[in-house]
Amino acid sequence: MILNFGNCKDITKNGSTDVKLFFWLCFIDKKWRSLFLAGYNLTIQFNYCIKIFPMKTANKRVFTFIGTLVFIGLVFYQCSQESETTYQKIKAYADEIKVINTHEHQHWPEEYGDLNYRLFHLIHSSYLMSDIVSAGGQQFDMSHLDSLSLEKYWDANGEALDYTRNTSYYSHFIKGFRKLYDFDDLYFTESNIHDLSGQIEENYADYRAWFDEAFQRAGFELMFLDQYWKPFNTDVEEKYYALVFHINPLVMQVSNKPSEGSDLPELYKRAEDDGFAISSLDDYLEYCDHLFRKNIESKVVCVKNSLAYSRSLDFEEVPYDVARALFDRSSAGLSRRESKQIQDFVFHWIIQKSVKYDLPIQIHTGYLAGNGNTLDNGKPVKLNNLFLKYPDAKFVLFHGGYPWTGEYAAFGKMFPNVYLDLVWLPQISREEAIHAIDEMFDCVPYNKFFWGGDCAFIEESTGSLEYGKEVVAEVLSKRVERGLLTEDVAFDMVQRIFRENAIEVFNLEERLAREF
Ligand SMILES: [Zn+2]
């Protein structure tokens, strides 16, 4: 805003009131002070013009009226121009992107049984539940929740729920309701949950219609669906989902070969149903290859390994002969080390098949959801040998490797074939995500990042997306303000992280050209 300094002096000449006013102006916000002085300046010059040009009183009034409108317009324009911060500009840009969400576990409600969905069913299928348990609350069976009134539930878990109001699990979860529902509060309370729960009940009476509406409103274009709870299903609704091949059973069940008369583990049962007899390691691998091809027929976009939930991410190289001899023995007689060896062999085989079929490999690293597990299982550095051995494979590491975010970032920097998916990191800890993503942006090229939601229902995915965009916008805006980035590059980074990188790395161009 340009100020005529000569007229500023006039302010002080006009007497003690103006001097006092000018003094008090020193204490108000710089932007408003500039606007006030500019307005004062314009008014003085305008009055001066009216005085020196001869015109009728009526014309002077019209002239003054028009001048006032122009002045008010200018002030509003100036306010709107100056009030948008870098953060707001980046967040607004992110809000316009049709997001490719690279990791979800979305369920249809009927998969949990015939339930009457209310707020507490959604809490119990969210990450927040593990914070409630951690705070001393109770985990109820989903069907048992149906028989509980909201009051009874609040009596049981209200206090523990209140103790989680500080966590990112809580705040990302509530954000979904703030975005999609008529709900503006920062916290759930005993009194505000009734209306919200009623709205949920209404929406879940026709969840397909609600899902479709919420999916659009949240800004999603496509979700990668990892169905860990039914890993052999290849039938997904392509309007919303891209299929992910969840390979945990292939790795874990190789060391769980059925013995005479025992129940068949799922993979062996499926093989029998599909007409495959498994009596050797070669038979086992042939059936695994059949599963690969079946997934490819259903347009699978990647494979997913979340083995850190049940074992270490250290996969040693095991020769074929050793693996074959281990498979030929009774699984019950294998030591823990021997079971791990044959599993390791199968995961190496899966990597080789993924290279052959050009499928990226998503790997859970770091923190484990739920309550109680072996944190060390998911340490990213355990994967180092795989990155060296398979330069043609595309590895996508999940979750920022939290709490080992530094070594996670280092792999994205060191290896051209290692990508970093920020999925779930902001929900685990918003502040750690801000710190870690800032560090990652310092050292890893931005064509190597993705974002995913990792949730069971659309409300939590929506909250996760809002959270993810806020975190990325916060990191980028600070970097722009520090002069480390220009705004146009920050916009490009947002576009890349939430959409373009996934299209490129997972070969989605053809899929996105589809019409429904
Ligand atoms: Zn997941």
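The protein has an average pLDDT of 90, and 85% of its residues score at least 70. Where pLDDT is low, predicted coordinates should not be read in detail.

The largest nonpolar core holds 119 residues, among which V346, L397, I437, V472 and V494 touch the most other members. Helix α22, spanning residues 458-481, is the greatest contributor to this core, with eight residues. Domain 2 (115-204) and domain 3 (245-359) each supply residues as well, so the core lies between them. Leaving aside residues up to four places away in sequence, L397 touches I363, T365, P380, Y408, F411, V418, L420 and D421.

Helix α22 also packs against α10 (residues 168-180), at an angle of about 100° and with the axes 7 Å apart. The two helices are therefore roughly perpendicular. On the α10 side the contacts include H172, F173 and F177, which belong to a set that meets α22 residues including E459, G463 and Y467.

Turning to the backbone, Y402 and P403 are joined by a cis peptide bond, with omega about 5°; P403 sits in the loop between β6 (395-398) and α19 (405-414). Two non-glycine residues with positive phi also deserve a look. K299, with phi near 60°, lies in the loop between α15 (281-297) and β4 (302-305). W424, with phi near 75°, lies in the loop linking β7 (418-421) and α20 (425-428). K299 is partly exposed, having 13 other C-beta atoms within 10 Å, whereas W424 is buried, with 26.

Definitions and conventions
Residues are numbered from 1 along each chain as its sequence is written. This is a predicted model: local features need pLDDT of at least 70, side-chain atom pairs count only at pLDDT 80 or more; totals for chains, interfaces and linings use all residues. pLDDT is the predictor's confidence in each residue, from 0 to 100. A nonpolar core is a set of buried Ala, Val, Leu, Ile, Met, Phe, Trp, Tyr and Cys residues joined through C-beta atoms within 7 Å. A residue is buried if 20 or more other C-beta atoms lie within 10 Å of its own, exposed if 12 or fewer, and partly exposed in between; C-beta atoms are placed from the backbone. Helices (H or I, at least four residues) and strands (E, at least two) are DSSP runs, numbered from the N terminus. Domain bounds come from an automatic or database domain assignment. Two residues are in contact if their C-beta atoms, placed from the backbone, lie within 7 Å. Axes are lines fitted to C-alpha atoms, for helices over the stretch in contact, and angles run from 0 to 180 degrees between N-to-C directions. Angles under 35 degrees count as roughly parallel, over 145 as roughly antiparallel, 65 to 115 as roughly perpendicular and the rest as oblique.
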